[in-house]
Amino acid sequence: MTGAPAHSITETTVPRFARGTRLQYDRVREVWFIQAPERAFHADPVAAEILQLVDGTRTLGAIIDLLAQKFDAPRPVIAQDVLAMVAELAEKQVLLHA
């Protein structure tokens, strides 16, 4: 664990998957899911778009910028969704951050 509480997540946060956790595509069912030790989570299409950009080096600000450009969507709306989702996954110890 990082020791930083999930509520401290900002656009300068660099998220990464917890050890043994990864995003995986199920080709048979055609869905994304998060595989973690002894558990799995279905990743809806929005979560999958975000999580595909989590590489342990990009800040959330950079991820937000890429998504806003890709979907031609208002950056504040994208930022709110990304920060909320990352905070939720940090609480579940799926994502860690520096």
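In the hairpin of β3 and β4, two residues lie between the strands, and glutamate 38 takes a positive phi near 65°. Strands here are DSSP runs (E, at least two residues), numbered from the N terminus. The model is predicted: local features need pLDDT of at least 70, side-chain atom pairs count only at pLDDT 80 or more, and totals for chains, interfaces and linings use all residues. Residues are numbered from 1 along each chain as its sequence is written, and side-chain values use heavy atoms, without hydrogens and water.

Strand β3 spans residues 31-36 and pairs with β4 in the antiparallel sense over five bridges. Two strands count as paired if DSSP finds at least two bridges between them. Glutamine 35 has alanine 40 of β4 as its bridge partner. Tryptophan 32 is bridged to alanine 43 of β4.

The open sheet holds three strands in the order β2-β3-β4, with antiparallel pairing. Its edge strands, β2 (22-26) and β4 (39-43), each pair on one side only. From one strand to the next, the twist averages 35°. Axes for such angles are lines fitted to C-alpha atoms, and angles run from 0 to 180 degrees between N-to-C directions.

Rings of Phe, Tyr and Trp (its six-membered ring) pair if their centres lie within 6.5 Å; planes under 30 degrees apart are stacked, over 60 edge-to-face, and the rest tilted. The ring centres of tyrosine 25 and tryptophan 32 are 5.0 Å apart and the planes stand at 55°, so the pair is tilted. Tyrosine 25 has 35% relative accessibility and therefore counts as partly exposed. Tryptophan 32, at 25%, also counts as partly exposed (buried is under 20% relative accessible area, exposed over 50%, partly exposed in between; 1.4 Å probe, protein chains only).

Technical notes. Helix = DSSP H or I, 4+ residues; strand = E, 2+ residues; numbered from the N terminus.
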